[in-house]
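I set out to record what I looked up in this structure, entry by entry.

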Amino acid sequence: MNAPAAEERDPGLQPERTRLAWRRTTLASTVAAVLSVKSALRGGLSVSGVVVCALCCALWLGFLLVAHRRIRTLAASAGPVVLAHRHATAAVLCTVALALCGAALVL
């Protein structure tokens with residue numbers, strides 16, 4: 001038997017699923033930031049609450065920037081594009097730091 005001819009890769013719906021996953025993660029990050037702000041403002045204003053709230057908002061904006069850039073990159077390319085290490089690191093750090101800030105506000 002002859003070996004099958006090398007076929008071009010058919011990505012199918014994988015790029016769309018990846019874009020949707022980034023959108024879902026951005027939505028979850030937005031909910032976490034809003035709940036953090038709500039928690040900070042619930043008991044009255046305090047310096048530490050305002051600082052943590054501002055940090056949560058800055059982290060949310062950082063993650064939003066990384067996610068938006070990734071979604072645009074995926075939409076503009078025909079094939080799969082590898083996520084840069086610095087963008088992946090930034091997304092992970094923003095997500096973990098936002099979770100820690102939210103936990104600090106709740107406690």
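**Entry 1: Thr 26**

I looked up Thr 26 and found that, leaving out residues up to four places away in sequence, Thr 26 touches Trp 60, Phe 63, Leu 64 and Ala 67; contact means heavy atoms within 4.5 Å. I note that this is a predicted model, in which local features need pLDDT of at least 70 and side-chain atom pairs count only at pLDDT 80 or more, while totals for chains, interfaces and linings use all residues. Residues are numbered from 1 along each chain as its sequence is written, and side-chain values use heavy atoms, with hydrogens and water left out.

I placed Thr 26 in helix H1, residues 14-42; helices (H or I, at least four residues) and strands (E, at least two) are DSSP runs, numbered from the N terminus. Thr 26 counts as buried because its relative accessibility is 12%. I used these limits: buried is under 20% relative accessible area, exposed is over 50%, and partly exposed is in between, with a 1.4 Å probe and protein chains only. The side chain of Thr 26 also reaches the backbone oxygen of Trp 22 at 2.8 Å.

**Entry 2: the chain as a whole**

I recorded three helices and zero strands in the chain, with the pattern α-α-α along the sequence. Of the 107 residues in the chain, 23% are buried. Among contacts with a separation of 6 or more, 82% are between residues 24 or more positions apart. I noted an accessible surface of about 7600 Å² for the chain, 68% of it belonging to carbon and sulfur atoms; accessible areas come from the Shrake-Rupley method with a 1.4 Å probe, and for residues only the protein chains shown count as cover.

**Entry 3: the nonpolar core**

Which residues make up the largest nonpolar core? I found 12 residues in all: Trp 22, Cys 56, Leu 59, Phe 63, Val 66, Ala 67, Ile 71, Leu 74, Ala 91, Cys 94, Leu 98 and Cys 101. Helix H2 (47-76) and helix H3 (85-106) each supply at least two residues of this core, and H2 gives the most, with seven residues. A nonpolar core is a set of buried Ala, Val, Leu, Ile, Met, Phe, Trp, Tyr and Cys residues joined through side-chain atoms within 4.5 Å. In soluble globular proteins, nonpolar side chains tend to be buried together.

I then followed one of the core residues, Leu 74. Apart from neighbours within four places in sequence, Leu 74 is in contact with Thr 18, Arg 19 and Trp 22.

Ala 33 lies in helix H1 and is buried, because its relative accessible area is 6%. Its contacts, leaving aside neighbours within four places in sequence, are Trp 60 and Leu 98. Ala 33 and Cys 56 are 23 residues apart in sequence and 5.9 Å apart in space, C-alpha to C-alpha.

I looked up Ala 21 next, also in helix H1. At 28% relative accessibility, Ala 21 counts as partly exposed.

Is His 87 buried or exposed? His 87, in helix H3, counts as buried because its relative accessibility is 17%. Not counting residues up to four places away in sequence, His 87 touches Val 66 and Arg 69.

Leu 27, in helix H1, is exposed, with a relative accessible area of 56%.

Terms used:
Polar contact = N/O pair within 3.5 Å; in protein donor to acceptor, adjacent residues only side chain to side chain.
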